[in-house]
Amino acid sequence: MLKKIINQELSDTDFVEGLKNNSELQLEALYKLHFPMVLQFILNNSGTVEDAKDVYQESIIVLYNKIQKGDFELVSKLKTFIYSVARRLWLKKLNSKHRKTSPLRDFEESIPVEDELLKVLEKEEHFKILQISLEKLGQPCKALIEDFYMQGLSMDDLSEKFGYTNSENAKNQKYKCLLRLKKIFFMEFSKENTDYNH
Amino acid sequence: MDMEKEVLDWIERYVTGQMSEEERRHFELVLQNDEALQEKVGQQKFFLSLLFEAGANARLKNQLNKIHDSLPIEELIDSCKPQHSKLYVLWKRYRVAVAIAASMGVLAVSLTLHYMYYGSGIG
């Protein structure tokens, strides 16, 4: 089935449509189509296979979220967008590791993605604060929040898993946990001195 | 405390789109004239979106890892390194065979030399 999709040579428009509709097959086809390009770029710019995997997956996640939000326009080839984001992310990593910053060896044309990068970095910062807050929250609250809000388990699943007598109890517990997490989060957040209003 | 829980529940159902049409219209009407509530909704929306997004990203990452594991990674690496000539690739693939052949060659030569010098002892 996947081979068939690849052989049909899906167009960029097909991929965008597929990702919008959460098509696993199209995600897989897209992933396999462009990974070699990023691998080649990273391996020839002082990176490892593991680096290529990280940078590529981050770029795909950026693209995926943009498409899901309806915030993506095909102004360039999909390939160019992925390459440009991956390239920019890698440049950032190279700089932060103080590795050699000789000019990058390029294999594709690229477009400016500075705005994208800023958004990604800001989001990463927020995720980091969330992670810290979840650790501070401790168990069982952490698991409760992760299962409900992040894994999408239902209240009934939660009552069963955590041994609450009914889903109303689970709901109460979940709210207490969420309130505490929120408090910790915004305290950590103000430490970082960032603004969430944009 | 209970009041706050109630408001949070309200906001959560609002920002996650779980309100009925009528409920939503009512909520938005209240919201219009309540700046404190607007602030709370904004904060809660930001916070919940972050939680949902973190969860969605973690699930997506799992999916991508599964796809990644099915890639023929060695083949891809080989085809990415233009500095490796065809000869290098052949060498990498057949080096064991070449090593065995070479050692057999050495053995053959040394046996030949051996018999050339001491061969008269046999026969």
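## Where the chains meet

In this predicted model, the contact draws 26 residues from chain A and 23 residues from chain B. On chain A, the elements that give two or more residues to the side touching chain B are helix 3, helix 4, helix 6 (114-137), helix 7 (141-150) and helix 9 (167-192). Helix 3 of chain A gives the most, with nine residues.

What classes of residue make up the side of chain A that touches chain B? They divide into 17 nonpolar, five polar and four charged.

## Two packed helices in chain A

Two packed helices are described by the angle between their axes and the distance between the axes. Take helix 3 (residues 24-43) and helix 4 (residues 49-68) of chain A. They pack at an angle of about 130°, and their axes are 9 Å apart.

Which residues make the contact? Helix 3 of chain A brings A:Tyr31, A:Phe35, A:Val38, A:Leu39, A:Ile42 and A:Leu43. Helix 4 of chain A brings A:Val49, A:Asp51, A:Ala52, A:Val55, A:Tyr56 and A:Ile60. By class, this contact has eleven nonpolar residues, no polar ones and one charged.

## Chain B

Chain B has five helices and zero strands. Read along the sequence, its pattern is α-α-α-α-α. How much of chain B counts as buried? The figure is 5% of its 123 residues.

Terms used
Residues are numbered from 1 along each chain as its sequence is written. Chains are lettered from A and ligands numbered from 1 in the order in which they are written. This is a predicted model: local features need pLDDT of at least 70, side-chain atom pairs count only at pLDDT 80 or more; totals for chains, interfaces and linings use all residues. Axes are lines fitted to C-alpha atoms, for helices over the stretch in contact, and angles run from 0 to 180 degrees between N-to-C directions. Helices (H or I, at least four residues) and strands (E, at least two) are DSSP runs, numbered from the N terminus. Two residues are in contact if their C-beta atoms, placed from the backbone, lie within 7 Å. Ala, Val, Leu, Ile, Met, Phe, Trp, Tyr, Cys and Pro count as nonpolar, Asp, Glu, Lys and Arg as charged, and the others, Gly among them, as polar. A residue is buried if 20 or more other C-beta atoms lie within 10 Å of its own, exposed if 12 or fewer, and partly exposed in between; C-beta atoms are placed from the backbone.
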